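Thanks for making time this morning.

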Amino acid sequence: MKTNDLAAVLENLRKKNPLILSLTNNVVQSITANMLLAVGAAPVMLNDAAECGQLLSVCANGLLVNVGTLSHPQAQLMRSAVDAAHAAGVPWVLDPVAVGLLRFRTEFCHELLAMRPTLIRGNASEIMALAGEAAGGRGTDTTEESSAAVQSARKLAQQCGCTVLVTGPVDYVTDGERVLALGNGDPLMTRVTGVGCAMGALAAACVASAPDAFTGAAACAAILGIAGERAAARCPRPGSFAGALLDELDALSPAEVAEFTRIV
Amino acid sequence: MKTNDLAAVLENLRKKNPLILSLTNNVVQSITANMLLAVGAAPVMLNDAAECGQLLSVCANGLLVNVGTLSHPQAQLMRSAVDAAHAAGVPWVLDPVAVGLLRFRTEFCHELLAMRPTLIRGNASEIMALAGEAAGGRGTDTTEESSAAVQSARKLAQQCGCTVLVTGPVDYVTDGERVLALGNGDPLMTRVTGVGCAMGALAAACVASAPDAFTGAAACAAILGIAGERAAARCPRPGSFAGALLDELDALSPAEVAEFTRIV
Amino acid sequence: MKTNDLAAVLENLRKKNPLILSLTNNVVQSITANMLLAVGAAPVMLNDAAECGQLLSVCANGLLVNVGTLSHPQAQLMRSAVDAAHAAGVPWVLDPVAVGLLRFRTEFCHELLAMRPTLIRGNASEIMALAGEAAGGRGTDTTEESSAAVQSARKLAQQCGCTVLVTGPVDYVTDGERVLALGNGDPLMTRVTGVGCAMGALAAACVASAPDAFTGAAACAAILGIAGERAAARCPRPGSFAGALLDELDALSPAEVAEFTRIV
């Protein structure tokens, strides 16, 4: 993987302006939409199964399924949206928030695993829990280092035939064989609600703009990580950092992705 | 229409502090409330039909119905709220997000049309779809120039006995006879989620503070457009622009509305 | 009460990083989570009763129940969460938004009162309505001075065996016997949606970090009030104030709480 390949994803994303349907939790809908808009993608959120199916068959380029505030009606909506995404050949991303900790979502995430996500994005605790190797963290907090989850992520990717993105101080991308480690980012990204969740939507936009999910996931980690570093350098407190992060996503050029991505 | 008439709407809004009930989509509730607070109105959101009915009969001054994340239970809530608004003589604004593209909301918006909105706010694609003349855009994106929708807007206003506000690089207001074109605004307003949706709530606040819906809708376009220009001049990136837009709405004076409104 | 006792609450909160489950209205979920993160607590929102019960029994340190956009399903979720909080010994805060004005929530808040909240946070109108002495305000606006509610608050605290925090230009804390008045804060805090609602979650975090609810509620009023003053001094308009408020919560030290709390 060369950093030029990741730069090309951003360039293609800005040309394509992919439409991403996010079925996500209540808390992060605004930052999810704003992050997609800032990077150059188009957001849409829906609450009705028929509308999701129609959008996916007609014009959506990617789907995010985030179980952060899962309810039984929303689980039903997600099942039918995933079916529609498969029917339309639209890539979909699973964000298994707090899997392993809470029973309902844990069972539902295992059901979704069987529906073959294109990409899974989670922190180390979530990926280890999903692979059956840990009890899960505390909500969106991880209790594990991301490096500890690399073997779990490889196993999960092999079992599901998908790509896995483990996010943390170092982000890891694996398709079950290759493993890429990226070192961009800043701890402030965990001090603003929804940055991680919105990263799932950004990942869907990148996958929709990349030759394959592995490259798309790596581009997502690089783009958000570089923007986060730059925002934190200007705004070291979480309130102003949140706005600066969107500004930096908007300002980031493909050439800068090529130059500043840190493969570690 | 003189720009002084639009300035008078802002002045009256600040005196009256109208209470606006917004039944709107999940994504934009926070920016909708913050935009109303910044301009000098009072926001309220509710999820229960009985509470909506009671609020409309007792103290609400305007109602927004935005179908962006429509569900069947929410449609039922909206029907009963519109009935309550009519019973109480409260003006109501319809924002037919993505009408024409998705079937459920398209049918529901036509049902709402028959319930005689005071004002309809949409982009060119939405207004043309609602008038039966185009297939609709892609979510909140318009695929048409707003000028293309002027004839559709006039026809729609005549058929429904309402006022129509078509928003875009130029905003058009029509009551079926008169057409007013306003040229304020900035493209950054489309790069922050919910600015367009919150404009529907701002329109309800302006209509509640104006001698008629035509003047209220024109004032809304002028107020938001001038604030948007000023915010963009200071903050040319979307994250900081979002905060600056609220600051400028708060700072804007009626005299500045009179001076800087561009009728084109 | 010495201001050093309030400073100790902030110090303890930062060590403990309490996990606060907020069952709150649609509009304020993002600012609620961001305010908890900024001060040093951990936010979680859920929509499923079984998940709420499990979280409360396993790892939550506090619960907020805010009725701002109450629905019948959410009321059911709140009842079962309060039961689970009691079973687990987790303190819970009631924010009775607009009680007295709207019938459904008024009846529900009285039902919740019987379930013995640890702390009630409301404005003067809400506290007077809850104590049976006024008709309530207009949504989140209060129509009463907070001093007018002090006797209602004492009576309510005695009847329910709880602590009451009346917020306004002066904040009052009472456990039915003691009354403490705190004078920090800025009017801009009422111009950003959700600052008051998020204060309920902050109160839960402070109570979870304090020797008793009285001290926790007082610390909450001091912490948010001082941060609000500092943010307003730098950012006198509501859009930039919102970000600055989070920055100041992040920056505030226990020593500054001890120095700048104004007991009046």
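Chain B is superposed on chain C by a rotation of 120° with 0.0 Å of shift along its axis, at an RMSD of 0.0 Å, where copies are fitted by least squares on the C-alpha atoms of residues with pLDDT of at least 70 in both. The two copies are thus related as by a three-fold rotation axis, and in chain B the C-alpha nearest that axis belongs to B:Asn26, 4.3 Å from it. The copies use different surfaces, since 11% of the contact residues of chain B recur in chain C; contact here requires C-beta atoms, placed from the backbone, within 7 Å.

Please keep in mind that this is a predicted model, in which local features need pLDDT of at least 70 and side-chain atom pairs count only at pLDDT 80 or more, whereas totals for chains, interfaces and linings use all residues. Residues are numbered from 1 along each chain as its sequence is written, and chains are lettered from A and ligands numbered from 1 in the order in which they are written.

Now the sheet. In chain B, 8 strands form an open sheet with mixed pairing, in the order E2-E1-E3-E4-E5-E6-E7-E8; strands (E, at least two residues) and helices (H or I, at least four) are DSSP runs numbered from the N terminus, and pairing takes at least two DSSP bridges. Strands E2 (42-44) and E8 (179-182) of chain B stand at the edges, each with a single partner strand, so one side of each is left without a neighbour in the sheet.

Within chain B, E3 (residues 62-66) and E4 (residues 92-95) run parallel, joined by 4 bridges, with B:Val65 opposite B:Leu94. Helix H4 (residues 72-88) of chain B lies across E1 (19-23), E3 and E4, at about 155° to E3(B), with axes fitted to C-alpha atoms, for helices over the stretch in contact, and angles running from 0 to 180 degrees between N-to-C directions.

Note on methods
Two residues are in contact if their C-beta atoms, placed from the backbone, lie within 7 Å.
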